[in-house]
Amino acid sequence: MNNRRALLSVWDKTGIVEFARGLADLGWEILSTGGTARVLRENGVEVTDVSDATGHPEMMDGRVKTLHPAIHAGLLARRDRPEDMEALVGRGYGPVDLVAVNLYPFRETVAAPDVTLGVAMENVDIGGPAMIRAAAKNHRDVWVVVDPRDYGAVLEAVKGEGREGLAGQEADLNPLRKRLAAKVFREISAYDAAVAGYLAGEDEPLDDEVTLRLRRRGGALRYGENPGQSAGFYTGEGRGKGIASLDQMHGKALSYNNILDVDGALSSLAPFAIAPDPAICIVKHTTPCGVAVRPSLAAAFERARETDPVSAFGGVIAANREVDGETAGLIASMFVECVVAPGFSDGALERLTAKKGLRLLAFPAEGASGEAGVEFLARAGGHDGARSFRSVYGGVLFQTLPEPPFYGVDDPGWKVVTRRGPTEAERNDLGFAWAAVAGVKSNAILLAKDRATVGIGTGQTSRVDSSKLAVRKAREAGLGDELAGCALASDALFPFRDGVDAAAEAGARAIIQPGGSIRDEEVIAAADEHGIAMVFTGRRLFRH
């Protein structure tokens with residue numbers, strides 16, 4: 001009779017009963033522990049307790065149960081080495097030919113709010129990683145499975161194997177064994193990195209080594225930025241799943257470019273997460289082409305669209321409030337790729353789902369209203385220590401993201417540097433403009449008035465060119481009259497006075513910028529000459 005043995009000890013019980021039953025039907029002996037053994041017995045699978053195989057009871061509430069030579073010798077014995085097998089038999093141990101283990105949910109545990117260090121450490125797995133590491137080291141002789149999705153393939157592979165299976169050198173020809181072993185080391189590496197990252201916290205934002213474990217969401221995307229380019233959407237696990245946690249309520253699958261634009265829309269709207277009134281941000285090619293705050297969402301949308309109706313065509317719309325029927329009617333009147341919001345009213349869904357290709361994305365359930373919704377949106381802009389990775393040729397750049405300049409929150413770091421300070425109305429416009437420019441790609445110049453964008457200049461190779469572009473955009477959109485008395489926000493310092501001169505010529509009466517140029521005195525003098533109020537923020541919002 002076939003006397004192969006499998007050790008099954010899993011946190012995620014998905015598919016484990018069927019897998020164990022399939023092995024048992026092939027004559028395998030099933031070793032198991034704790035909750036896994038209980039589930040298998042409840043479902044009619046005969047199980048041998050690991051303590052019976054080791055001859056040693058579990059200790060310390062199960063902390064020590066598989067950490068025993070009877071298990072690890074059975075995993076590490078090389079079947080083609082007579083001395084290994086003799087040592088195994090000499091101790092009265094038997095081989096373990098298959099291990100199915102998935103680890104304590106450390107990442108899921110620490111993703112929950114207010115988790116204590118003690119609870120987190122109790123969810124650091126010790127025995128599981130030790131077993132799967134040993135099995136993966138000896139994968140020529142031992143099957144190792146850490147992903148329930150692999151149960152079917154492994155079960156098919158072991159059917160018909162003899163006692164020796166593909167042991168020894170023959171196993172080098174089995175790509176499945178190697179693939180499963182590689183998955184083990186990726187899993188352990190990511191798991192240990194998660195524990196290390198948790199313990200380091202924010203004290204070590206830039207470690208010498210960074211390990212990422214990413215999993216593709218869904219199938220491959222149709223193509224990348226252009227046809228002919230392969231693409232996929234990969235995410236990590238635990239807290240801050242971001243775009244992957246959005247609930248797609250309607251429309252075609254997101255494309256590569258859609259995902260980029262949704263990211264741009266969320267990060268651009270993030271500074272308005274706690275705005276006292278509804279806010280709309282319209283994004284095209286990852287940068288805003290219109291932003292507005294108004295007493296109603298419909299009014300905010302209309303005013304945001306007015307900034308650049310040409311660019312708004314085919315854009316992505318992000319809202320900080322549930323989309324209502326009136327706003328939906330306005331959105332439905334134009335071509336839009338995606339709408340992302342905390343939710344959609346029944347009336348809004350009725351109007352928007354009539355457009356088959358329009359993608360509707362809602363904040364995750366826990367973020368549909370209240371503080372949780374604010375947190376979801378705020379993190380999109382970098383709140384609470386969010387970090388980003390960016391690929392370059394032959395490497396990856398890593399950075400922490402800046403805290404969003406939240407609209408509606410007074411910043412004590414602001415400093416009036418001109419003889420004339422801003423009026424109350426100008427200060428309100430400066431606050432809006434500073435929040436809105438955070439999402440604009442550099443060199444970024446944003447003109448605003450009455451809590452709405454008037455013109456946006458982005459992506460130019462000089463700041464003065466961005467200023468000219470913002471003015472031109474405003475006039476082309478029919479907003480030239482609003483240039484008089486507008487506020488200007490610059491994401492980075494003015495290196496020369498020419499940017500101030502251009503702003504004055506356009507009609508700006510207040511400027512907000514980081515400051516810090518070696519020519520600050522020259523720039524401030526230019527503002528004084530034009531009677532412009534200028535505020536230095538002391539922080540840069542540059543997005544390269």
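Here is a chat about helix packing and salt bridges in a predicted model.

Biologist: Let's start with α1 and α9. At what angle do their axes cross?

Modeller: Roughly 0°. The axes of α1 (residues 16-25) and α9 (residues 151-158) come within 10 Å. Angles under 35 degrees count as roughly parallel, so these two helices are roughly parallel to each other.

Biologist: Which residues make the contact?

Modeller: From α1 you have I16, F19, G22 and L23. On the α9 side they are Y151, V154, L155 and V158.

Biologist: And how do the residues of that contact divide into nonpolar, polar and charged?

Modeller: Seven are nonpolar, one is polar and none is charged.

Biologist: OK, salt bridges now. How many are there?

Modeller: The count comes to 17. Side chains of opposite charge can pair when their charged atoms come close. Take K183 as a case: K183 forms a salt bridge with D147, and their closest N and O atoms are 3.3 Å apart.

Biologist: Where do K183 and D147 sit?

Modeller: K183 is in helix α10 (residues 175-200), while D147 is in the loop between β5 (143-145) and α9. They are 36 residues apart in sequence, so the pair ties those parts together.

Biologist: Are K183 and D147 buried or exposed?

Modeller: Both K183 and D147 are buried. K183 also meets D150 in a salt bridge, at 2.9 Å from N to O. That pair links distant parts of the chain too, with D150 in the loop between β5 and α9, 33 residues from K183. D150 is buried as well.

Biologist: What about E426 and R420, how far apart are their closest N and O atoms?

Modeller: They are 3.0 Å apart, in a salt bridge. E426 has 11% relative accessibility, so E426 counts as buried. R420 is at 24%, so R420 counts as partly exposed.

Biologist: Which residues do salt bridges with shared partners join into one network?

Modeller: D147, R149, D150, R179 and K183.

Biologist: Switching to α14. Which of its residues are buried?

Modeller: In α14 (residues 325-332), G325, T327, A328, L330 and I331 are buried.

Biologist: Last one: what caps the N-terminal end of α14?

Modeller: That's D324. One of the side-chain oxygens of D324 lies 3.4 Å from the backbone nitrogen of E326.

Technical notes:
Residues numbered from 1 in each chain as written. Predicted model: local features only at pLDDT ≥ 70, side-chain atom pairs only at ≥ 80, totals over all residues. Heavy atoms only, no water. Axes fitted to C-alpha atoms, helices over the stretch in contact; angles between N-to-C directions. Helix = DSSP H or I, 4+ residues; strand = E, 2+ residues; numbered from the N terminus. Parallel < 35°, antiparallel > 145°, perpendicular 65-115°, else oblique. Contact = heavy atoms within 4.5 Å. Nonpolar A, V, L, I, M, F, W, Y, C, P; charged D, E, K, R; others polar. Buried < 20%, exposed > 50% of the residue type's maximum accessible area, 1.4 Å probe, protein only. Polar contact = N/O pair within 3.5 Å; in protein donor to acceptor, adjacent residues only side chain to side chain. Salt bridge = Lys/Arg side-chain N within 4 Å of Asp/Glu carboxyl O.
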